[in-house]
Amino acid sequence: MIVELGHFALIMAFVTAMVQTILPMWGAVARDPGLAGMARYSAFVTFALVLLAFVSLTLAYIGSDFSVANVVMNSHSTKPLMYKISGVWSNHEGSMLLWVLILTVFAALVAVRGGGMPERLLASVLSVQGAIAAAFLLFVILTSNPFLRLSDPPAEGQGLNPILEDPGLAIHPPMLYLGYVGFSVAFSFAVGALIHGRIDAVWARFVRPWTLVAWIFLTLGIAMGSYWAYYELGWGGWWFWDPVENASLMPWLLGTALLHSTVVMEKRDALKVWTILLSILTFSFSLLGTFLVRSGVITSVHSFASDPTRGIFILCILMLFIGGGLVLFAWRAPMLRQGGLFAPVSREGALVVNNLFLATSAVAVLVGTLYPLALEMLNGNKISVGAPYFNMTAVPLFIALLLFVPFGQSLAWKRGDLLGVGQRLLVAFGIAIAAMIGTFAVTRGGPVAAPLGLGLGVWLIMGSATDIFNRCYRKGISFGIAFDRAVGLPRSAWGTALAHAGMGITVIGISATVWGVETLGVIRKSEPLSVGPYTVTLEQAFKRSGQGFREDVARFTVSEGGALRGAVETSKRIHLGREMPTTEAGIVTYGLGQLYASVNEIMPDGRVSIRFYWKPLVTLIWGGALVMGIGGALSLSDRRARIAVSVKNRKSVLTKSGARV
Amino acid sequence: MAMTRKQKRLSLIAAAGAVLAVAAGLILFALSDKIVFFYTPGDIEKQGITAGTRVRIGGIVENGSVKRDEALNVEFRVTDTEKSLTVRYKGILPDLFREGQGVVAEGVYAGAQGVNADTVLAKHDENYMPKDVADALKKKGVWKGEAGQ
């Protein structure tokens, strides 16, 4: 019964989403406040209906209702509750429903927070959101319906793919989708602005928080996915330049660019047309990512099913929204009032450099991701574009950008003083160089790339520190005043500094991977093996069974210079029901590095064939992303003050606190 | 040093042009130099691939061909049911690497000695066959559909 209710709610949601698309837009164009006012209510109703559908499906999973095909395929009555719930989005149908749910959540939030927005803008934004929701609801209903019943229900479900049976499944997809789908708001705002032919700093102030929310979730979602792949797949790698990873990286790159260009628009009323285009492109990349992952054109852990009608359907949605958005842009953008121009050496000039590098590196990733598909379609040649391609294209562009970042951060708006900035950054630069040379000296004979990358990371962190320091401290003021100023700095200043420093931390973590040590061996009981600074000894190899699996476990003790440091276990697991083997990596964290064990085979005579890695500083890769996310959240918390305080008052408030606007 | 409007616009365009040109150059160079083609064992012979080329080789792991030694060196033959080729690899094979199953190996083609692989990929789960392998086998008419679906 609940399943039918959910199914019905899903279909009704499509109807209300169509209402949400048509009536408000009509009202906005015909200047009919009554129709335009429908936008908010229809957004709430659509959200409520999709939520009802989602909850119904979740209840079917919790209750192990095996008359529902989707539950049979992806759940099992003995699964713990967490995996029953996260099982909902472990498959194509359920995850598309989650996608639509998050889309309608954003529309409803825009409706809630849109009180201060011009009525017509709000109406058209929600209308575009409604159109996207309607398209994807139709997709779910027609090609990926999770509510289909079986006429002959089995007694037991098939269970979850063992790789997905992990806490990561509960967090990674919702976070990533919050990021992907969050950019739809910027898209809808861009389309709304194009339809009305009006765009100004106020528009940017409305869009920026939404972009920031999406960016925070996408950053954390990507980092989470990377860590999950790192510990679950047992290969010890954290990024594989897999098309599916690229599909999430591209919107991140453009979304980061968008985040910076909206600042320019908000503060200086410039870069307007570019920001509109970027808003359209960022969400287009999100849609492209959804297409790549969901259509089955590429195979990976993420492609659950490859039904060609689905691919074609998503491709049509893709063309409708990307094509429609770009056509609208080409037609209406020339009518927008151009933003002002500005001096090249200024904060806004630096942000243009940021946008240039981010956009071109996104293009480099795009080419590398789509080229194999295009080539195969053209002449049937199968190629693989892997790390060597991306290391030569996107990576150098990104490094060039990062070298610039501290300069941009310290430049003043309007007219920057490059010489002055250079002087202020001299200490930061000195520390970065010292870190680089020091590391180089200590690791003499080792790889050169690591100290260089480490220096770059330190440069970013010190650049942020310099910026904060200069905002708080002038010659002759006391420490107390400087401290008061630091506390009084706008949170967005701290947010920027943290986000950039977080990037620096990630860069250090990535650079340190070069120092990683890999040791392979076949060892007997009590036989030692040396892995970087550690010595591991096989303590025991044994069999064990757990809930839904049996496993061959190898247990090692870890010692460093004769002193015992701990133990690590890794196992080969056979999941009952699916009879599918997985390797459970054993990871222990020492300081900022990790010792990573991955068993290959436990032989009948008790010997163990094993792979160990010592990965110094590896946790910084994800730690840095976390710091970036915290920086974003700090910036976001600054928003209320910015919107509430009028422009005139804001200036005086900020001058008092000694900050540059 | 106030710049005129025209100078400002020109400097913007020049900067954009420079970055785009560098990016385009990098992309074109990387596409001509850093990509790896996929072959079946039959293709290698037919297309006269020279030793020293980096290749991706795909097919089925020939039954009874897997040889391992104490030092984790593995040797196996990859077949497309007509021709087969030896692949050597040092390290740990994926969980789902099996004789009679699909596999993709990437490495340097060494002529008569086969391929010295540095990466070996097998399917991700029991239903999955590497797409390249499935397509190649379909072409040869020996593909029996997705087993287990």
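Mentor: The account below begins with conventions, turns to one helix and its two partners, and then widens to the chains.

This is a predicted model, in which local features need pLDDT of at least 70 and side-chain atom pairs count only at pLDDT 80 or more, while totals for chains, interfaces and linings use all residues. Residues are numbered from 1 along each chain as its sequence is written, and chains are lettered from A and ligands numbered from 1 in the order in which they are written.

Helices (H or I, at least four residues) and strands (E, at least two) are DSSP runs, numbered from the N terminus. Two packed helices are described by the angle between their axes and the distance between the axes. Axes are lines fitted to C-alpha atoms, for helices over the stretch in contact, and angles run from 0 to 180 degrees between N-to-C directions.

Angles under 35 degrees count as roughly parallel, over 145 as roughly antiparallel, 65 to 115 as roughly perpendicular and the rest as oblique. The crossing of α7(A) and α8(A) is right-handed. A crossing is left-handed if the near helix is turned anticlockwise from the far one by less than a right angle, and right-handed if clockwise.

From α7(A), the contact with α8(A) draws on Arg120(A), Leu121(A), Ser124(A), Val125(A), Val128(A), Gln129(A) and Ile132(A). From α8(A) come Ser184(A), Ser188(A), Phe189(A), Val191(A), Gly192(A), Ile195(A) and His196(A). Two residues are in contact if their C-beta atoms, placed from the backbone, lie within 7 Å. By class, the residues of the contact of α7(A) with α8(A) are seven nonpolar, six polar and one charged. Here Ala, Val, Leu, Ile, Met, Phe, Trp, Tyr, Cys and Pro count as nonpolar, Asp, Glu, Lys and Arg as charged, and the others, Gly among them, as polar.

Another partner is helix α3 of chain A, residues 38-62, whose axis comes within 9 Å of that of α7(A), with a crossing of roughly 30°. α3(A) is thus roughly parallel to α7(A), and their crossing is left-handed. On the α3(A) side, the contact is made by Ala39(A), Arg40(A), Ser42(A), Ala43(A) and Thr46(A). On the α7(A) side, Leu122(A), Ala123(A), Leu126(A), Ser127(A), Gln129(A), Gly130(A) and Ala133(A) take part. This contact of α3(A) with α7(A) has six nonpolar, five polar and one charged residues. Gln129(A) is listed in the contact with α8(A) and also in the contact with α3(A).

Along its principal axes, the C-alpha trace of chain A spans about 80 × 75 × 55 Å. Of its 661 residues, 52% count as buried. A residue is buried if 20 or more other C-beta atoms lie within 10 Å of its own, exposed if 12 or fewer, and partly exposed in between, with C-beta atoms placed from the backbone. Elsewhere in chain A, Leu271(A) has a positive phi of about 60° although it is not a glycine. Leu271(A) lies in the loop between α10 (243-268) and α11 (272-294) and is buried, with 24 other C-beta atoms within 10 Å.

Chain B has three helices and seven strands, which follow the pattern α-β-α-β-β-β-β-β-β-α along the sequence. Of the 149 residues of chain B, 35% count as buried.

Where the chains meet, the contact takes 32 residues from chain B and 39 residues from chain A. On the side of chain B that touches chain A, α1 (5-33), β1 (35-39) and α3 (131-140) of chain B each supply at least two residues. α1(B) gives the most to that side, with 14 residues. The residues of this side of chain B divide into 18 nonpolar, three polar and 11 charged. Ala15(B) is found in helix α1 of chain B. Leaving aside its neighbours within four places in sequence, Ala15(B) is in contact with Val353(A) and Leu356(A). Ala15(B) is partly exposed, with 15 other C-beta atoms within 10 Å.
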